[in-house]
Amino acid sequence: KSWRTNRIPAAVSSLLCVAMMAIYYGGGDATKSAFQAVGELRSETGPLFSMLSMGLSGGVFPSMLQAALGILPQPRVSNATFNISFWTINGYVVDSLYALQVWLFGDGADAATVAKKLLFEEFAYVPFANIFFATSFRWRDH
């Protein structure tokens, strides 16, 4: 039921991601400075950037789209507030996870470092994150 209800918001979100990647890789010099500015802003603001970007992309925009389509569950304000808060907090958690991985494994992009980070994320973080996600959404829905 969730997939059927949210297929349009999910498709819009996926298309926006594909468009962003196309602009990033296909834009060349025309878009390079804009993406560099975002990277610099991220470096200057640290976790705040992650919190705001996750809050917007995971909470505000999807809730607005669901509301516009009439599929944001009742009570709408409570659900939107939960979504925005949840994804904002998750932005901080994910930013902290990546900082921890840099501390543990370094900031290299070589295959060994990437493999260590991937294994740590999938087998140390994801099981606990899934418990938090499931518990959070179960709490919201009941």
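Let's start with phenylalanine 133, which counts as partly exposed at 23% relative accessibility. Here, buried means under 20% relative accessible area, exposed means over 50%, and partly exposed covers what lies in between, with a 1.4 Å probe and protein chains only. A word on the model: it is predicted, so local features need pLDDT of at least 70 and side-chain atom pairs count only at pLDDT 80 or more, while totals for chains, interfaces and linings use all residues. Residues are numbered from 1 along each chain as its sequence is written, and side-chain values use heavy atoms, leaving out hydrogens and water.

The structure holds 12 aromatic pairs. Phenylalanine 133 and phenylalanine 86 make one of them, an edge-to-face pair with 5.0 Å from centre to centre and 75° between the planes. Phenylalanine 86 sits in helix H4 (residues 76-105) and phenylalanine 133 in helix H5 (residues 111-141), so this pair links parts of the chain 47 residues apart. Phenylalanine 86 is buried, with a relative accessible area of 4%. For the terms, rings of Phe, Tyr and Trp (its six-membered ring) pair if their centres lie within 6.5 Å; planes under 30 degrees apart count as stacked, over 60 as edge-to-face, and the rest as tilted.

## A second pair and a ring cluster

Phenylalanine 105 is partly exposed at 25% relative accessible area, and phenylalanine 120 is partly exposed at 24%.

Ring pairs also join several aromatic residues into a cluster: Phe82, Phe86, Trp87, Phe132, Phe133, Phe137 and Trp139.

## Salt bridges

How many salt bridges does the rule give? The count comes to two, where a salt bridge is a side-chain nitrogen of Lys or Arg within 4 Å of a carboxyl oxygen of Asp or Glu. In one of them, arginine 42 meets aspartate 95, with the closest N and O atoms 2.4 Å apart. Because arginine 42 lies in helix H2 and aspartate 95 in helix H4, the pair ties together parts that are 53 residues apart in sequence. Arginine 42 is partly exposed, at 31% relative accessible area, whereas aspartate 95 counts as buried at 11%. Setting aside neighbours within four places in sequence, aspartate 95 is in contact (heavy atoms within 4.5 Å) with Arg42, Gly46, Pro47 and Ser50.

The other salt bridge joins the side chains of aspartate 141 and arginine 140, at 2.9 Å from N to O. Aspartate 141 is partly exposed at 46% relative accessibility, and arginine 140 is partly exposed at 26%.

## A buried lysine without a bridge

Lysine 117 has its place in helix H5. This lysine is buried yet has no salt bridge; aspartate 107, the nearest side chain of opposite charge, is 6.7 Å away. Lys and Arg count as positive and Asp and Glu as negative, while His and the chain ends are not counted. Apart from neighbours within four places in sequence, lysine 117 is in contact with Gln101, Val102, Phe105, Gly106, Asp107 and Gly108.

The peptide bond from glutamine 74 to proline 75 is cis, with omega near -15°. Most peptide bonds are trans. Proline 75 is found in the loop between helix H3 (47-69) and H4.

Valine 38 is in helix H2 (residues 29-45) and is partly exposed, with a relative accessible area of 40%. From C-alpha to C-alpha, valine 38 and phenylalanine 49 are 9.5 Å apart in space, and they are 11 residues apart in sequence.

## The chain as a whole

The chain has five helices and zero strands; helices (H or I, at least four residues) and strands (E, at least two) are DSSP runs, numbered from the N terminus. The C-alpha trace spans about 45 × 40 × 25 Å along its principal axes. Of the 142 residues in the chain, 18% are buried. Among the contacts with a separation of 6 or more, 57% involve residues 24 or more positions apart.
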